[in-house]
Amino acid sequence: MTKSLLVATRSSELALRQARLVQSAFARAGVVTELKTYKTLGDKKLDEPLNAIGGKGLFTKELEVDLARGAVDCCVHSLKDLQTDMPDGLGIGAIIGREDPRDVLIVNSVTGATSLDDLPRGSRVGTSSLRRRAQLLALRSDVEVVALRGNVPTRIRKVDEGQVHAAILAAAGVHRLGVSERIACYLDAPDWLPAAGQGAIAVQIREDDERMRELLLPLNNAEASLQIRAERAFLAALEGGCQVPIGALALERDGRLMLHGLIADISGRQVVRGEHPVDVENPELSGIRLANELRERGASEILEGLRRAAQVPAPQPE
């Protein structure tokens, strides 16, 4: 009897649905899998903003520890949760497709807005993301941004209960949970940019596990992988994480793949944007080049300001 692969996943309903998509992909390839569920630090500390918790791997560390020691064969993550500097010996084995990468606006029945512009002055808008906060304040400095934690159903419930008038969430999670009817509007790129890799499901493996790498090879979505390699290289070159307001998305335009990126301060008063063609032979280089262009136009000053405000630690010498 063939031993089943042990797949690590967070225990939220959205994480489980994503893990089951990976299970289905494995099953179509004739591979038997079993899920092992985890609660991460980010899942447990729901009363604190993500940037206040600090540290790396808030939604991945516990899974990665077991993967590194061989307790599981692979981990399934929302790709945007994976830090660009992964623990030594671990890497991405496959990208299993990509849902709609955009953000969406969810509103309650009293507010009834159909766009960000329609939100009444003073509206309380919930988000757990500094990237969303900065972009929202850049557009609507007259609204109040409220820290909103919890899984997708919890955040929608808080909107319905009136704790906030509206919330900004990832379209992918709303779609995968089957509650797309709650979407008031999509926040379209490149005017509004999502997190690097948003909407994609990543399978993380040990880099020396050739068997897993071969099993995952036919499951990898080459188009999504190309986009995400450019986006994550941009993020890494700006030393970004969940504590820095950075957005990135590779979009096809006129038959050419373009990488769009932005970095902002927390208040949304300073926003630096740019775009760069994606080199399909070396998408990482395209991400680095766009990051360098933004640094020359003010991104370095924004990063320094964030460090001074203790939003991100200063990089340590080698």
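This is a predicted model: local features need pLDDT of at least 70, side-chain atom pairs count only at pLDDT 80 or more; totals for chains, interfaces and linings use all residues.
Residues are numbered from 1 along each chain as its sequence is written, and side-chain values use heavy atoms, with hydrogens and water left out.

**View 1. The open sheet of three strands, β11-β12-β13, with antiparallel pairing.** Strands (E, at least two residues) and helices (H or I, at least four) are DSSP runs, numbered from the N terminus. Two strands pair if DSSP finds at least two bridges between them. β11 (246–253) and β13 (271–277) are the edge strands with a single partner each, so one side of each has no neighbour in the sheet. From one strand to the next the twist averages 20 degrees. Strand β12 (residues 256–264) is joined to β13 by seven bridges. Helix α9 (residues 222–237) packs on this sheet and touches β11 and β12, with a direction at about 150 degrees to that of β11. Helix α10 (residues 283–308) also packs on the sheet, touching β12 and β13, and its direction makes about 170 degrees with that of β13. Axes are lines fitted to C-alpha atoms, for helices over the stretch in contact (heavy atoms within 4.5 Å), and angles run from 0 to 180 degrees between N-to-C directions.

**View 2. D254 in the loop between β11 and β12.** Phi of D254 is near 55 degrees, a positive value in a residue other than glycine. D254 counts as exposed because its relative accessible area is 79%; the classes are buried under 20%, exposed over 50% and partly exposed in between (1.4 Å probe, protein chains only).

**View 3. Strand β10 (residues 200–206) and its partner strands β3 and β4.** Seven of the seven residues of β10 are buried. On one side these are A200, A202, Q204 and R206, and on the other I201, V203 and I205. Strand β3 (residues 74–78) pairs with β10 in the antiparallel sense over four bridges, and S78 stands opposite I201. Strand β4 (residues 90–98) runs antiparallel to β10 and is joined to that strand by six bridges; R98 has A200 as its bridge partner. In the loop between β9 (183–187) and β10 lies P190, joined to A189 by a cis peptide bond with omega of about 5 degrees.

**View 4. The open sheet of five strands, β7-β6-β8-β5-β9, with mixed pairing.** β7 (144–147) and β9 are the edge strands, each pairing on one side only. The twist averages 30 degrees from one strand to the next. Strand β5 (residues 103–107) and strand β8 (residues 166–170) pair in the antiparallel sense over five bridges, with I106 opposite A167. Helix α5 lies across β5, β6 (124–127), β7 and β8, at about 130 degrees to β8. Helix α6 (residues 152–160) lies across β5 and β8 and runs at about 160 degrees to β8.

**View 5. R132 in helix α5 (residues 130–139).** R132 counts as buried because its relative accessibility is 5%. Leaving aside neighbours within four places in sequence, R132 is in contact with D103, T127, R155, I168, L169, A170, W192 and Q198.

**View 6. The second largest pocket, holding about 280 Å³ of space.** On a 1 Å grid over the protein atoms alone, a pocket is an open set of points where a 1.4 Å probe fits, with protein on both sides within 12 Å along at least five of seven lines; lining residues have an atom within 4 Å of a point. The volume is the space filled by probe spheres set on the points, which are joined across faces, edges and corners. Of the 14 lining residues, M86, I92, R229, R232 and E284 lie nearest the centre of the pocket. The largest share of the lining, six residues, comes from α9.

**View 7. Residues 311–318, where pLDDT stays under 50.** pLDDT is the predictor's confidence in each residue, from 0 to 100. For this stretch the model has 14 contacts beyond four places in sequence. The chain averages a pLDDT of 91, and 91% of the residues score at least 70.
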